[in-house]
Amino acid sequence: MRTEEDLRAALSSLEDQAPLVTSVLTPIRRNGSRGLPRRPIPRMRLAAGLAVAVAVGTAVAVTATQSPGTTAGSHPQALPSHEVLRTRVLDALSSATSEIVYEHTRITASTIAGATGTPDPFLPSLATGTASEIWYYPWRAQAGQQVRGRELTLHPDGAAAWDVGFNYLEPTEAQEVASGELTTVDYAHDTWSEQRSSGIIADGDSGSPLSLWELIHNETWSAVGRTELDGQPAIKLELKGHSGYLWVDARTYQPLRETYVFSGAGAEERINGSWRNLGSGQATIVTDYQYLAPTAANLAQLTVPIPKGFR
Amino acid sequence: MTFEEFAATRLPAVLRFAGVLAGDRALAEDVVQEVLIRVHRQWGRIGGLDHPEQYVRKMVLNEYLSWRRRSWRMIPRGDTREADDRQTQDYATAHAERDALLAELAKLPRRQRAVLVLRYYQGLTETEIAELLDCKPGTVRGYMSRALAALRVEMSPHVLSEETSK
């Protein structure tokens, strides 16, 4: 006769049948499943039929590569009113609808203990210096339009960790879930794969330009003041409830940089078959935005290269 | 709680529950993927709950109990075989008895199996299990008795007294 302890032990042994976080999140996130943590997803869905001003052609490439300056009296002009600022930032985002949006995200300060960079679960690494490069094109697609993108995750030493490309048809509001292809290159194991997925959630992707649009639209911010970023005039916004800030160009009102503090409390990772808690701590995540014309050279960045010898 | 925070802090435990419940990683992945797509869509509501993981766990349970292979819909899984450093234990050589028990567990009807997982893995009471399965505690006791008998597991006096007191 068996005992209840035998049964408990047998059931607990089945924990080894638990799926990997990365294997269940990949199909529902068009990217980011192996990328850096992002700002929380805005709660409201983008309403259908919002006006989109389309500006074709001109690239507005703005790079922000240095630390933000302090708010200064060197920009004495008053801030626009909240409503005017909101409208100008939304208009600026809408005007970039035909461009490639490039994001460079990096962890600049991490106090999360045990951030070892193992591929599972969810967070590849919370170590300082881990970075990702992300391309979206177009950043805001019409229903039925082809959407392409790529997310390249880099180790602190600059070596590639994961490279994920996605390509799908923008679904209608009613469809919600898109069909498309995902290409994944795993540099840790010299492997790559191509998958066709009908489970791509094409909206609400946190950290995407679309989610930035929603964040501004949904009023979850307040203006802090005028400042400088990489020597150019900027306006700093505080993102309410997100422990973060957003800098927009004071002339074009396009987002330049976003910071977000990610709390690691409660996060787990599995090492050598054992689950362990990462412990408390925080990581500061900084994202710089650029807006690129869809030239052949820039479009080539959307293709995930398969390294020679990968299987 | 945001979806990202849920995924980072709560999802691993939900996945372990799914793995034990299904007893098969591929099935657990299918069940969880189906649930997560709905969770992601409805996160505005689910994320506002006091304990979203409990709600998601119940969704996993319901999905498992009603699961039918969806041959018409392909939801591919990420190729994580190489990334998966977990080693499947060799039950056949090291745990022959456990292997036999697991094999018999796999043959149980799903509701009976679910009751055992909720009772002996999750540590829930009969009343809590009954609420989750939307049935009476007596029905739960029936499932559990039949399942334990099929597995030839002797119920402890503690459990017996708990049963008779209800």
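Modeller: Start with chain B. Of its contacts with a separation of 6 or more, 63% are between residues 24 or more positions apart. Keep in mind that this is a predicted model.

Biologist: What makes up the secondary structure of chain B?

Modeller: Eleven helices and one strand. Along the sequence the pattern reads α-α-α-α-α-α-α-α-α-α-β-α. Of the 166 residues in chain B, 37% are buried.

Biologist: Why is Asp134(B) called exposed?

Modeller: Count the neighbours. Asp134(B) has 8 other C-beta atoms within 10 Å. The cut-off for exposed is 12 or fewer. Asp134(B) is therefore exposed. Its place is the loop between α9 (126-133) and α10 (137-151) of chain B.

Biologist: What makes the phi of Asp134(B) worth a remark?

Modeller: Phi of Asp134(B) is near 55°, a positive value in a residue other than glycine. Most residues other than glycine have a negative phi. Arg152(B) also has a positive phi, about 55°, and is not a glycine. Arg152(B) sits in the loop between α10 and β1 (153-154) of chain B.

Biologist: Why is Arg152(B) called exposed?

Modeller: Arg152(B) has 11 other C-beta atoms within 10 Å. Exposed means 12 or fewer. So Arg152(B) counts as exposed.

Biologist: Now the contact between chains. Why are α1(A) and α8(B) called roughly perpendicular?

Modeller: Take helix α1 (residues 4-13) of chain A and helix α8 (residues 110-121) of chain B. Their axes cross at roughly 100° and come within 10 Å. Angles of 65 to 115 degrees count as roughly perpendicular. Therefore α1(A) and α8(B) are roughly perpendicular to each other.

Biologist: Which residues of α1(A) and α8(B) meet?

Modeller: From α1(A), they are Glu4(A), Leu7(A), Arg8(A), Leu11(A) and Ser12(A). From α8(B), they are Leu116(B), Val117(B), Tyr120(B) and Tyr121(B). The residues of this contact divide into six nonpolar, one polar and two charged.

Biologist: Turn to chain A. How do you know which parts to read with caution?

Modeller: By pLDDT. Chain A averages 71, and 65% of the residues score at least 70. Among the elements of chain A, helix α5 (residues 296-300) has the highest mean, 95. Strand β12 (residues 268-271) has the lowest, 49. Over residues 29-74 of chain A, pLDDT stays under 50. The model has 125 contacts beyond four places in sequence for that stretch. Residues 115-124 of chain A also stay under 50, and there the model has 40 such contacts. Where pLDDT is low, the predicted coordinates should not be read in detail.

Biologist: Why is β3(A) called largely enclosed?

Modeller: Six of the seven residues of β3(A) are buried, so β3(A) is largely enclosed by the rest of the structure. Buried means 20 or more other C-beta atoms within 10 Å.

Biologist: How do you know which strands pair with β3(A)?

Modeller: A pair needs at least two bridges. Six bridges join strand β2 (residues 100-110) of chain A to β3(A), and the two run antiparallel. Val101(A) stands opposite Tyr136(A) in β3(A). Between β3(A) and β4(A) there are seven bridges, again antiparallel. There, the bridge partner of Glu133(A) is Leu152(A) in β4(A).

Biologist: What lies in the loop between β3 (131-137) and β4 (146-154) of chain A?

Modeller: Pro138(A) lies there. A cis peptide bond joins Tyr137(A) and Pro138(A), with omega about -15°. Most peptide bonds are trans.

Biologist: What makes β4(A) and β5(A) a pair?

Modeller: Nine bridges join them, and the strands run antiparallel. The cut-off is at least two. Glu151(A) has Val164(A) in β5(A) as its bridge partner. β4(A) and β5(A) form a hairpin with five residues between them. Gly158(A) in the turn has a positive phi of about 95°. Seven of the ten residues of strand β5 (residues 160-169) of chain A are buried, so β5(A) is largely enclosed by the rest of the structure.

Biologist: Why is Glu194(A) called partly exposed?

Modeller: Glu194(A) has 13 other C-beta atoms within 10 Å. Glu194(A) is found in strand β7 (residues 191-201) of chain A. Not counting residues up to four places away in sequence, Glu194(A) touches Glu181(A) and Thr183(A). The C-alpha atoms of Glu194(A) and Gly165(A) are separated by 9.3 Å.

Note on methods: Residues are numbered from 1 along each chain as its sequence is written. Chains are lettered from A and ligands numbered from 1 in the order in which they are written. This is a predicted model: local features need pLDDT of at least 70, side-chain atom pairs count only at pLDDT 80 or more; totals for chains, interfaces and linings use all residues. Axes are lines fitted to C-alpha atoms, for helices over the stretch in contact, and angles run from 0 to 180 degrees between N-to-C directions. Helices (H or I, at least four residues) and strands (E, at least two) are DSSP runs, numbered from the N terminus. Angles under 35 degrees count as roughly parallel, over 145 as roughly antiparallel, 65 to 115 as roughly perpendicular and the rest as oblique. Two residues are in contact if their C-beta atoms, placed from the backbone, lie within 7 Å. Ala, Val, Leu, Ile, Met, Phe, Trp, Tyr, Cys and Pro count as nonpolar, Asp, Glu, Lys and Arg as charged, and the others, Gly among them, as polar. pLDDT is the predictor's confidence in each residue, from 0 to 100.
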